[in-house]
Amino acid sequence: MTILNSEKIKDLYLADLLYEIHTISDKIKMYEEKYKLKFKEFEQKVKTESKEKFDYWDDYLEWKAYHIKYIELAREKEDIQNGNYKISI
């Protein structure tokens with residue numbers, strides 16, 4: 001029988017979380033390189049364009065989802081690293 005203590009569970013969860021953060025960071029970096037802008041700058045550009053560019057909007061919606069998810073995961077990572085979590089069974 002394998003015994004998992006709460007520290008091992010936390011470490012496994014954190015490793016998975018770091019993988020997700022890394023994967024999303026790569027997607028965000030791809031858009032930053034494509035447009036030579038950070039997300040907020042691109043968002044402003046898309047929303048203020050006089051002529052709507054559908055490919056920009058498609059990228060904007062996907063990039064926005066990555067941006068939001070990255071923020072959520074970063075907060076979760078911070079909570080775990082600060083001990084602000086509870087393991088339930």
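**Figure 1. Helix α1 passes helix α3 in a left-handed crossing.** In this predicted model, the axes of α1 and α3 come within 9 Å and cross at roughly 150 degrees. Angles over 145 degrees count as roughly antiparallel, and α1 and α3 are therefore roughly antiparallel to each other.

**Figure 2. Tyr 70 belongs to helix α3 and is partly exposed.** The relative accessible area of Tyr 70 is 35%. When residues up to four places away in sequence are not counted, Tyr 70 touches Ile 21, Ile 24, Ser 25 and Ile 28. Glu 33 may be located as a further point of reference: Tyr 70 and Glu 33 are 37 residues apart in sequence, and their C-alpha atoms are 17 Å apart in space.

**Figure 3. Helix α2, which spans residues 39-48, has a buried side and a face turned away from it that carries exposed residues.** The buried residues of α2 are Phe 39, Phe 42, Glu 43 and Val 46. Seen down the axis of α2, these buried residues fall within an arc of 105 degrees, so they line one face of the helix. The spacing can be understood from the geometry of such helices. An α-helix has 3.6 residues a turn, so residues three or four places apart point the same way. What covers the buried residues of α2 includes α1 (residues 6-35) and α3 (residues 54-81). On the face turned away from the buried side, the exposed residues are Lys 40, Gln 44 and Thr 48.

**Figure 4. Helices α2 and α3 pack against each other at an angle of about 145 degrees.** Their axes are 10 Å apart, and the crossing of α2 and α3 is left-handed. From α2, the residues that meet α3 are Phe 39, Lys 40, Phe 42, Glu 43, Lys 45, Val 46 and Lys 47. Their partners in α3 are Tyr 56, Trp 57, Asp 59, Tyr 60, Trp 63, Lys 64 and His 67.

**Figure 5. Asp 59, in helix α3, is a buried residue.** Residues under 20% relative accessible area count as buried; Asp 59 has a value of 11% and is therefore buried. Leaving aside neighbours within four places in sequence, Asp 59 is in contact with Tyr 31, Lys 34, Tyr 35 and Phe 42.

**Figure 6. The largest nonpolar core contains 15 residues.** Within this core, the residues with the most contacts are Leu 17, Tyr 35, Phe 42 and Trp 63. The elements that give two or more residues to the core are α1, α2 and α3. Helix α1 supplies the largest share, namely 7 residues.

**Figure 7. Ile 87 lies in the segment after helix α3.** Ile 87 has a relative accessibility of 33% and so counts as partly exposed. The C-alpha atoms of Ile 87 and Ser 6 are separated by 7.1 Å, although the two residues are 81 residues apart along the chain. Leaving aside neighbours within four places in sequence, Ile 87 is in contact with Ser 6 and Ile 9.

Methods: Residues numbered from 1 in each chain as written. Predicted model: local features only at pLDDT ≥ 70, side-chain atom pairs only at ≥ 80, totals over all residues. Heavy atoms only, no water. Buried < 20%, exposed > 50% of the residue type's maximum accessible area, 1.4 Å probe, protein only. Helix = DSSP H or I, 4+ residues; strand = E, 2+ residues; numbered from the N terminus. Arc of directions from axis to C-beta. Contact = heavy atoms within 4.5 Å. Core = buried A, V, L, I, M, F, W, Y, C linked by side-chain atoms within 4.5 Å. Axes fitted to C-alpha atoms, helices over the stretch in contact; angles between N-to-C directions. Parallel < 35°, antiparallel > 145°, perpendicular 65-115°, else oblique. Left-handed = near helix turned anticlockwise from the far one by under 90°.
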